[in-house]
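Thanks, everyone, for making the time this morning.

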Amino acid sequence: MEISHFIYVVFVVAILLLIGAFAVLVKRIALLKEQNEQQQKQLMSLEEQLLANQQELQEVRVGSIGMGDKIKALVSAVKQTVSQQEQLASQDPQSRLYQQAAKLVASGYSVEDLMHECDMPKAEAELIYNLHKQSS
């Protein structure tokens with residue numbers, strides 16, 4: 001009977017060890033499930049952040065395209081202005097002289113000042129002075 005008692009004790013100890021191992025495994029599984037849930041939450045947060053970043057990047061792209069279009073329009077306007085300036089520069093020198101005289105009248109020059117600055121006869125200076133003095 002002693003051997004059967006020994007086998008019985010060994011059997012009980014084995015069962016207790018299995019129950020203990022099972023309890024450790026259950027705790028380990030619960031801990032792994034909790035870690036998995038935390039990682040799932042973190043993954044969802046990172047996915048939301050990625051989506052927000054992608055949307056922001058798309059907005060920046062659209063903005064930069066719009067800015068590029070505006071820059072192209074400005075470059076075109078500058079080219080047109082340069083062309084107009086070149087056309088004005090190549091105009092009749094007499095016309096430029098009258099434009100300068102008109103600016104001088106607008107800034108307060110007298111008939112004598114016009115005659116001296118623009119090297120024009122008195123009658124011409126008076127005519128320009130009277131024309132532009134009336135409009136200002």
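Let me begin with G20, which sits in helix 1, residues 2-89, where helices are DSSP runs of H or I with at least four residues, numbered from the N terminus. This is a predicted model, in which local features need pLDDT of at least 70 and side-chain atom pairs count only at pLDDT 80 or more, while totals for chains, interfaces and linings use all residues. Residues are numbered from 1 along each chain as its sequence is written, and side-chain values use heavy atoms, with hydrogens and water left out.

G20 counts as partly exposed because its relative accessibility is 31%; buried means under 20% relative accessible area, exposed over 50%, and partly exposed in between, with a 1.4 Å probe and protein chains only.

Turning to charges, a search of the whole structure finds 1 salt bridge, meaning a side-chain nitrogen of Lys or Arg within 4 Å of a carboxyl oxygen of Asp or Glu. The partners are E126 and K122, at 4.0 Å from N to O, and both lie in helix 4, residues 122-135, 4 residues apart, or about one turn of the helix. E126 is partly exposed at 33% relative accessibility, and K122 is likewise partly exposed, at 45%.

Now to the packing. Which residues of helix 3 are buried? In helix 3, residues 111-118, they are V111, L114 and C118. Seen down the axis, these buried residues fall within an arc of 55 degrees, so they line one face of helix 3, the arc being that of the directions from the helix axis to the C-beta atoms. The face turned away from that buried side carries the exposed residues E112 and H116, and helix 3 is followed by D119, whose phi is positive, near 50 degrees.

The largest nonpolar core has 10 residues, among them V111, L114 and C118; such a core is a set of buried Ala, Val, Leu, Ile, Met, Phe, Trp, Tyr and Cys residues joined through side-chain atoms within 4.5 Å. Helix 2 (93-106), helix 3 and helix 4 each supply at least two residues of this core, and helix 2 gives the most, with 4 residues.
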